[in-house]
Amino acid sequence: MTLFSLLLVLGWERLFKMGEHWQLDHRLEPFFRRRRHFSLWQTTAMTLVAMLVVLVVILSLRGLFFGMVQLLFWILTGILCIGAGSVRLHYHAYLKAASHGDANACSAMAEELTLIHGMPVECNQQETLKELQNALLWINYRFYLAPLFWFVVGGAYGPVLLVGYAFLRAWQSWLAKHYTPLERARSGIDRILHWVDWIPVRLAGVAYALLGHGERALPAWFAALSDLRRPQYQVLTHLAQYSLERDERWDSVETPRIAVALAKKVSLVIVVVVALLTIYGTLV
């Protein structure tokens, strides 16, 4: 059921998911607006409650109409949690502004795309475009690769882990957009996601390493296996840059497109691997 649900979700996401309507991050905003105090305990409790609600729904739907209702719930959950509808609109707006030479609009859209980790201060065009590439690669990981990982490894309870991850992602984005770095640090969201992302980042890193300069990327990947402190954003983007070195172009339009093309290629490779593992009975 996992593979069937995943393929339907990805198909729907590519064809119809534009904007915020089918995105859990947007649906959670009214709830987030009411939060005024931040702590690690609060973040953990909210996430566990969200996961518990999904678990209860899955168990209550089990066996209804030969499992069809539960399947529909799996698909709906996947549609809400996998994909970056609103971020994709920002990306297309950036490309449109860049192609028309609108520097102000480019800067505004770049700020939206680099919301979580920000843009370096006083950097030249090459550094700016490289950081934009890194942000796009991380967006692909946050909205596609990591949700796919938790959806698959969860097995019969894949939607529970998927919603838990999507909730953490949405909470981090909300704090980055509306609150100060100090309040975000108090919430503990970055610390939680650091450990939640540890395994999927390294699995995604394998794909980037193999698609890039393997003789240089693989040693860097092996070194990352024992690195517990380095931010996962830096681990993933460092490995991905080995692949991007094959097609270095510093153009406001082409440079981000190259990063997105690489991210799509890695996503396709991982979906194919999941399909093969499922066919051969390794995954449910």
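First, the ground rules. The model is predicted, so to speak of local features I need pLDDT of at least 70, side-chain atom pairs count only at pLDDT 80 or more, and totals for chains, interfaces and linings use all residues. Residues are numbered from 1 along each chain as its sequence is written, and side-chain values use heavy atoms, with hydrogens and water left out.

Let me start with the salt bridges. The term here means a side-chain nitrogen of Lys or Arg within 4 Å of a carboxyl oxygen of Asp or Glu. By that rule the count is 5. I will go through some of them.

One joins Arg-169 to Asp-25, at 2.9 Å from N to O. Arg-169 sits in helix α9 and Asp-25 in helix α2, residues 24-27, so this pair ties together parts that are 144 residues apart in sequence. Helices, for this talk, are DSSP runs of H or I with at least four residues, strands are runs of E with at least two, and both are numbered from the N terminus. Both Arg-169 and Asp-25 are buried. Buried means under 20% relative accessible area, exposed means over 50%, and partly exposed is in between, with a 1.4 Å probe and protein chains only.

Another bridge links Glu-29 and Arg-33, at 3.7 Å from N to O. These two are 4 residues apart in helix α3, residues 29-33, which puts about one helical turn between them. As background, an α-helix has 3.6 residues a turn, so residues three or four places apart point the same way. Glu-29 counts as buried at 19% relative accessibility, while Arg-33 is partly exposed at 43%.

There is also a bridge between Asp-190 and Arg-184, at 3.1 Å from N to O. Here Asp-190 is partly exposed, at 33%, and Arg-184 is buried, at 13%.

On to cysteines. A disulfide would be a pair of cysteine sulfur atoms within 2.5 Å, and by that rule there are 0. Cys-81 is buried, with a relative accessible area of 1%. Cys-106 is buried as well, at 13%.

Ser-5 lies in helix α1, residues 2-16, and has 0% relative accessibility, which makes it buried. Contact means heavy atoms within 4.5 Å. Leaving aside neighbours within four places in sequence, Ser-5 is in contact with Leu-71, Trp-74, Ile-75 and Phe-151.

Leu-148 is in helix α8 and is buried, at 6%. With residues up to four places away in sequence not counted, Leu-148 touches Leu-6, Ile-270, Val-271 and Val-274. Pro-200 is 52 residues from Leu-148 along the chain, and their C-alpha atoms are separated by 9.5 Å.

For a contrast, take Phe-65, in the loop between α4 and α5 (68-81). Buried or exposed? Phe-65 is exposed, with a relative accessible area of 63%. Phe-65 and Val-196 are 131 residues apart in sequence, and 35 Å apart from C-alpha to C-alpha.

Tyr-280 is in the segment after α15 (254-279) and is exposed, at 69%.

Last, the record. An unreviewed UniProt entry annotates "transmembrane region" at residues 40-59, 71-91, 148-168 and 266-283. The positions are in the numbering used here, feature names are shortened, and annotations may be inferred rather than shown by experiment. In the model, residues 71-91 are 86% helix and 0% strand, with end C-alpha atoms 32 Å apart. Residues 148-168 are 81% helix and 0% strand, and there the end C-alpha atoms lie 15 Å apart.
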